[in-house]
Amino acid sequence: MHTPNNIASPIIRTSRTDLVMLSAEDAPLIRDYYQLNQAHLSPWEPIRDDSFYSLEHWRQQLADNAIQYQNGSALKLVALDKHTKEIIAICNFTNIVRGIFQACNLGYSVSARYQAQGYMHEVLSAALDYVFNELDLHRVMANYMTHNQRSARLLKRLGFEEEGLAKSYLHIAGNWQDHVLTAKINDAH
């Protein structure tokens, strides 16, 4: 079993992006992503208070992300444009559980200006390859709100299979939302 303890954070390259973990010094970059995409992301995320958009919040969050990666509980990546170094998308593998489960949850978002250009498929394909082959996970679970047909199509293209419906699953945009449960299994296991 491979665990990420005491190893450098990954750099995963795609044709148009570099997927990396940001450090606390990169707080302005990710804060700007969320500020710029606030209206675009608000239907798909919890209600955020003003502190979410502060540099202090993001410095602490990025420091926590590094600790979570080192202890093997999460891998939180951003996809940077290879030329401009702007954040195009975010993908987070959280709640990593080892032992007999060997699984995690996947969450993701794409900047409004880069949607419908194939970036999310490109980024998630490379990131899934990494978590299956380098972290040796067996199962990745991704859930989407029933009305989010873009995510439904994306996850299907990536090989995720529907496993059920969770009623009133997450509190998103101020309401409890039903979610379609999906998972992708590591074919190498």
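The sulfur of Cys 91 lies 10 Å from the closest cysteine sulfur, that of Cys 104, which is too far for a bond, a disulfide being defined as a pair of cysteine sulfur atoms within 2.5 Å. Cys 104 is accordingly in no disulfide, and a search of the whole structure finds zero disulfides. Cys 91 counts as buried at 1% relative accessibility, and Cys 104 is buried with a relative accessible area of 0%; here buried means under 20% relative accessible area, exposed over 50%, and partly exposed in between, with a 1.4 Å probe and protein chains only.

The model is predicted, so that local features need pLDDT of at least 70 and side-chain atom pairs count only at pLDDT 80 or more, while totals for chains, interfaces and linings use all residues. Residues are numbered from 1 along each chain as its sequence is written, and side-chain values use heavy atoms, with hydrogens and water left out.

Rings of Phe, Tyr and Trp (its six-membered ring) were paired if their centres lie within 6.5 Å, planes under 30 degrees apart counting as stacked, over 60 as edge-to-face and the rest as tilted. By this rule the count comes to six aromatic pairs. Phe 52 and Tyr 53 form an edge-to-face pair, at 5.1 Å centre to centre and with 85 degrees between the planes, and both residues are buried. Phe 52 also forms an edge-to-face pair with Trp 58, at 5.1 Å centre to centre and 75 degrees between the planes; the relative accessible area of Phe 52 is 10%, and Trp 58 is buried at 5%. Ring pairs link Tyr 33, Tyr 34, Phe 52, Tyr 53 and Trp 58 into a cluster.

The charged end of Arg 48 sits over the ring of Phe 52, 4.1 Å from its centre, where the criterion is that NZ of Lys or CZ of Arg be within 6 Å of the ring centre and within 35 degrees of the ring normal. The charged end of Arg 16 sits over the ring of Tyr 119, 3.7 Å from its centre.

Tyr 119 is one of the buried residues of α4. Of the 15 residues of α4, 11 are buried, so that this helix is largely enclosed by the rest of the structure. Helices (H or I, at least four residues) and strands (E, at least two) are DSSP runs, numbered from the N terminus.
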